[in-house]
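Colleague: I am new to this one, and I would like to know how the labels get attached. Could you walk me through it?

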Amino acid sequence: MELDEKPAASATEQRRDYHHGDLRRALLKAADAELTDKGVEGFSLRGVAKRADVSHAAPAHHFGNTEGLLTALAAEGFRRFIAKQEEREADAQNDPVSRHVASGLGYVDFALSNPALFNLMFTSERTDRDEDELCNAAAAAFDKLVSQTKDIVGRDPREDISAMTDVVAAWAMVHGLASLMNSGRIAVLQDMPIDQRDRVLADIISRSIADRATDAI
């Protein structure tokens, strides 16, 4: 080694190189991988720390405990969930029903690509459902469906019980499809080529709301 050559940074020093925001992103990415591999029951802060190559104390220091990290991961999941829906909507025709159907396809896309995270977001008891970040992220996803339904039926679901019933029906339809496909209960769809599956799913999703659009015209 040359006299003016610095030795390679130790693992400890590398861990200290994380900026505050970078550490959060690194931990959430590691948490997602840990959840995918181990499931919520096998999830551990130690496993997350190992994946992120940080000290064992880092996840707890940043998120408090396992529930805190899983709650933050669920909130991040909802943001990614909305982004996936918006990806589909960007390719849809510019009318309310087409956007709604595309959003539903994005819903299914996300669920099939992230089954463990999807379950954490919607069914796990290991998150704090009253935590502000998670509440806001989940509310944003619900508000998106409420807004789409309002555009289709011409009434505000938050003021009209019939329109809110449409929201719940549409949500139940697409969430049921996603959950059944994740559990392998609709093999006929899962065995189809993706393009064909999308056409069938689009037809199913549209049935939950298309007839209501006629009422609004």
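Modeller: Gladly! Let me start with the lining of the largest pocket: its residues divide into 16 nonpolar, six polar and two charged. Please keep in mind that this is a predicted model.

Colleague: Which elements give two or more residues to the lining of the second largest pocket?

Modeller: Those are α6 and α11 (194–207). The most comes from α6, with four residues. The volume of the second largest pocket is about 180 Å³.

Colleague: What makes some of the residues around the second largest pocket count as charged?

Modeller: Asp, Glu, Lys and Arg count as charged. The lining of the second largest pocket includes Arg-88, Asp-91, Asp-198 and Arg-199, and the division is five nonpolar, two polar and four charged.

Colleague: Back to the largest pocket, then. What is its volume, and which residues are the closest to its centre?

Modeller: The largest pocket has a volume of about 380 Å³. Of its 24 lining residues, Phe-78, Phe-122, Ala-141, Phe-142 and Trp-171 are the closest to the centre. Two or more lining residues come from each of α5 (66–90), α6 (96–113), α7 (115–122), α8 (132–153) and α9. The largest share, eight residues, is given by α8.

Colleague: How do you know that the span of helix α9 agrees with what it should be?

Modeller: Helix α9 covers residues 161–182, which is 22 residues, and at 1.5 Å a residue they should span 32 Å. The end C-alpha atoms are 31 Å apart, so the two values agree. Helix α5 can be treated in the same way: its 25 residues reach 36 Å from first C-alpha to last, close to the 36 Å expected.

Colleague: Which residues of α9 are buried, and why are they said to line one face?

Modeller: The buried ones are Ala-163, Met-164, Asp-166, Val-167, Ala-170, Val-174, His-175, Leu-177, Ala-178 and Met-181. Seen down the axis of α9, these buried residues fall within an arc of 160°, so they line one face of the helix. An α-helix has 3.6 residues a turn, so residues three or four places apart point the same way.

Colleague: Why is Asp-160 called partly exposed?

Modeller: Its relative accessible area is 22%. Buried means under 20% and exposed means over 50%, so Asp-160, at 22%, is partly exposed. Asp-160 sits in the loop between α8 and α9.

Colleague: What makes the pairing of Asp-160 with Arg-155 a polar contact?

Modeller: A polar contact needs N or O atoms within 3.5 Å, and the side chains of Asp-160 and Arg-155 make theirs at 3.3 Å. At the start of α9, a side-chain oxygen of Asp-160 also reaches to within 3.0 Å of the backbone nitrogen of Ser-162.

Definitions and conventions:
Residues are numbered from 1 along each chain as its sequence is written. This is a predicted model: local features need pLDDT of at least 70, side-chain atom pairs count only at pLDDT 80 or more; totals for chains, interfaces and linings use all residues. Side-chain values use heavy atoms; hydrogens and water are left out. The expected span of a helix is 1.5 Å times one less than its number of residues. Buried means under 20% relative accessible area, exposed over 50%, partly exposed in between (1.4 Å probe, protein chains only). The arc is that of the directions from the helix axis to the C-beta atoms. A polar contact is a pair of N or O atoms within 3.5 Å; within protein, one must be able to donate a hydrogen and the other to accept it, and residues adjacent in sequence count only if both atoms are side-chain atoms. On a 1 Å grid over the protein atoms alone, a cavity is a set of points where a 1.4 Å probe fits but cannot get out, and a pocket is an open set with protein on both sides within 12 Å along at least five of seven lines; lining residues have an atom within 4 Å of a point. Grid points are joined across faces, edges and corners, and a volume is the space filled by probe spheres set on the points.
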